[in-house]
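Subject: Structure handover

Hello,

Please find the structure below. My notes on what turned up in it follow.

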Amino acid sequence: MSAEPRVLSGRYQVGELIGQGGMARVYRGTDLTLGRTVAIKILNPELARDTAFRTRFRLEAQAASRMAHPSIVRVFDAGEESETDAQGTHAVPYIVMELVDGEQLKDVIARGPVDVATTVKYVDGILEALEYSHRAGVVHRDIKPGNVMITTGDKVKVMDFGIARAVSDSSSTVAETTQIIGTAAYFSPEQAKGEQVDARADLYSTGVVLYELLTGRQPFRGDSPVAVAYQHVSEAPEPPSEVTDKAPRSMDAIVLRALAKDPFQRFQDAATFRAALDAAVTGKAPTKKQLGELTSELYGPSPRQAAETARSLRQLSSDTTMVRTQSGPPVAWIWAGVALLAVLLASVLIWVVTMRPANDLPTSSRTVPLLTGMTYERAEAELEKHDLKAARLNESNAEVAEGNVIRSSPSADARLEAGQTVTLFVSTGAEMVKVPVLVGLSQEAAKAALEAAGLVVGSVKPVNDIQAAAGTVLSASVEAGGEVAPGTVVALDVASGVVSLKDLKGYPLEAAQQELEALGLTGNPVEDPNCKATDPRTVISMSSAPGDVPVRSTIDLRFCAGS
């Protein structure tokens with residue numbers, strides 16, 4: 001006989017395995033409460049043992065569950081299930097998602113380059129999902145073909161929002177993160193360097209996917225994740241049209257812009273990327289000269305970029321696992337020449353500035369730079385370069401990533417004296433709400449309290465309790481008084497109003513009464529004069545059959561009392 005089907009939290013029945021990766025296994029499942037087919041992703045035990053990761057994973061899954069968009073795989077619920085193995089009992093997180101009928105984009109790419117029209121359609125679908133998620137303040141951090149589904153109707157569905165952040169926030173190094181998330185082929189340069197990322201990192205990764213769809217291969221390849229990360233930081237990609245004749249030159253400029261090393265030189269949001277993609281399909285292809293000028297602009301020398309690249313090269317070159325993947329002279333020598341040229345250009349610029357007439361601007365005057373969208377740390381550093389000081393004011397904003405500048409006061413291009421202060425309004429993400437007291441309320445009252453607080457009722461698990469009336473909330477997945485993001489899903493344990501009664505036939509009467517008392521029930525002795533009395537008195541029948549009975553019930557215990 002087969003084993004009993006596995007059921008998570010008394011609600012989600014786990015079916016056959018339909019996919020697996022470095023982080024989790026995905027099963028076809030059934031929501032027994034709603035009677036619908038779902039996908040259940042169960043995290044690997046080695047990740048689940050990390051308490052900090054489980055907490056981050058739950059919060060990120062809850063954030064993802066608030067997003068409802070046709071191009072995003074819906075997250076219905078998240079929870080934990082106890083599991084016992086050779087190392088003991090531990091909690092294993094799982095998420096319940098929309099089941100998508102189709103195939104992963106990586107399987108489409110494995111068959112070879114994709115035609116331009118289909119490529120644009122797929123990438124536009126990814127960008128549409130990102131445009132929505134970025135407005136909601138959620139950065140994906142792991143856009144790659146393995147996280148994109150193509151439905152049987154040829155529609156795009158992006159999945160695994162928030163999971164990459166849960167992993168990366170629980171990992172101390174890029175190397176550890178790549179082991180968990182998988183390939184580094186889609187990392188942005190700032191991810192490869194372990195820096196804080198924002199929505200523009202997702203756009204870079206989308207650019208890598210666009211490149212792969214057009215050419216059938218990734219722009220940077222190597223023998224190890226570190227070797228690939230090195231190229232993301234320091235090397236210019238070969239334009240797609242030079243890799244294959246099937247890639248039109250009109251797409252080269254889009255790809256190069258998306259893969260700019262500096263986030264401020266990329267498309268600044270998904271909507272701009274989509275518009276450029278649409279224009280490239282219908283517009284005129286750039287000449288080789290124009291393409292060369294764009295490459296020089298995005299990947300060529302500048303004092304700031306040369307210094308940043310030199311720093312990155314020093315960091316990466318200290319890793320003995322790095323493998324060269326580029327023919328020709330060593331990259332470090334090339335960039336040494338670039339840095340020298342940058343110094344010469346900077347010297348000329350300084351000479352030009354110092355030769356200006358003295359009446360242009362007072363030497364103590366400073367111009368406030370554009371700081372919107374930067375992390376607070378980077379904005380502060382930019383102000384220091386201009387001899388200005390930074391003051392921080394936190395402000396909730398669901399549309400700007402946590403830790404990034406919403407606006408400055410004075411705003412960009414304003415004139416200040418050296419040493420003056422610029423106030424930076426920094427996003428704290430979506431405004432948090434306090435979880436109300438739920439334990440002791442009826443299920444309906446708890447639902448009303450959650451909705452009034454801007455929260456959502458998740459799974460409701462019936463639990464037997466000998467004292468609580470049916471429908472009374474016994475516990476919640478988030479403690480009362482805790483602060484969570486609006487729209488957070490809160491699961492409830494609710495009293496079933498019943499207890500499980502076993503068969504007491506054959507028990508001594510006193511022992512049967514004690515069993516009932518332990519369940520909060522009352523045992524009522526009933527004499528049966530039609531059968532001969534026994535010593536001790538023994539239960540011959542009960543007024544209720546074994547199984548669930550209402551709490552605080554009275555059960556008749558019939559025993560023989562005849563002569």
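**Notes on the model**

Arg552 is found in the loop between strand S23 (547-550) and S24. Helices (H or I, at least four residues) and strands (E, at least two) are DSSP runs, numbered from the N terminus. Arg552 has a positive phi of about 65 degrees although it is not a glycine. At 54% relative accessibility, Arg552 counts as exposed; here buried means under 20% relative accessible area, exposed over 50%, and partly exposed in between (1.4 Å probe, protein chains only).

Some ground rules. This is a predicted model, in which local features need pLDDT of at least 70 and side-chain atom pairs count only at pLDDT 80 or more, while totals for chains, interfaces and linings use all residues. Residues are numbered from 1 along each chain as its sequence is written, and side-chain values use heavy atoms, with hydrogens and water left out.

**Overall**

The protein has 18 helices and 24 strands. Of its 563 residues, 44% are buried. Among contacts (heavy atoms within 4.5 Å) with a separation of 6 or more, 67% are between residues 24 or more positions apart.

**The sheet S21-S24-S22**

Three strands make an open sheet with mixed pairing, in the order S21-S24-S22. Two strands pair if DSSP finds at least two bridges between them. Strand S21 (522-532) and strand S22 (539-542) are the edge strands, each pairing on one side only. From one strand to the next the twist averages 30 degrees. S22 and strand S24 (residues 554-562) are antiparallel and share three bridges; in S24, Leu557 stands opposite Met542. Helix H18 (residues 509-518) packs on this sheet and touches S21, S22 and S24; its direction makes about 180 degrees with that of S24. For such angles, axes are lines fitted to C-alpha atoms, for helices over the stretch in contact, and values run from 0 to 180 degrees between N-to-C directions.

The loop between S21 and S22 holds Pro536. The peptide bond from Asp535 to Pro536 is cis, with omega near 5 degrees.

**The disulfide**

How many disulfides does the model contain? The count is one disulfide, taking a disulfide as a pair of cysteine sulfur atoms within 2.5 Å. Cys531 and Cys560 form a disulfide, with their sulfur atoms 2.0 Å apart. The pair links distant parts of the chain, with Cys531 in strand S21 and Cys560 in strand S24, 29 residues apart. The torsion about the S-S bond of Cys531 and Cys560 is about -110 degrees, so the disulfide is left-handed. Cys560 is buried, at a relative accessible area of 11%.

**Strand S19 and its partners**

Strand S19 (residues 489-495) is mostly covered, six of its seven residues being buried. Strand S16 (residues 456-463) pairs with S19 in the parallel sense over six bridges, and Pro462 stands opposite Val494 in S19. Strand S17 (residues 473-476) runs antiparallel to S19 and is joined to S19 by three bridges; there Ala476 stands opposite Leu492.

**Helices H8 and H12**

The axes of helix H8 (residues 199-215) and helix H12 (residues 270-282) come within 11 Å and cross at roughly 25 degrees. H8 and H12 are therefore roughly parallel to each other: angles under 35 degrees count as roughly parallel, over 145 as roughly antiparallel, 65 to 115 as roughly perpendicular and the rest as oblique. Their crossing is right-handed. A crossing is left-handed if the near helix is turned anticlockwise from the far one by less than a right angle, and right-handed if clockwise. Leu203, Thr206, Gly207 and Leu210 of H8 make the contact with Ala270, Phe273 and Leu277 of H12.

**Loop residues**

- Ala68 sits in the loop between helix H2 (51-65) and strand S5 (75-85) and is partly exposed, with a relative accessible area of 45%. Not counting residues up to four places away in sequence, Ala68 touches Arg74 and Tyr132. Ala68 and Ser133 are 65 residues apart in sequence and 9.4 Å apart in space, C-alpha to C-alpha.
- Pro410 lies in the loop between strand S12 (405-409) and strand S13 (415-417). A cis peptide bond joins Ser409 and Pro410, with omega about 0 degrees.
- Ser9, in the loop between strand S1 (7-8) and strand S2 (12-20), has a positive phi of about 55 degrees although it is not a glycine.

Regards
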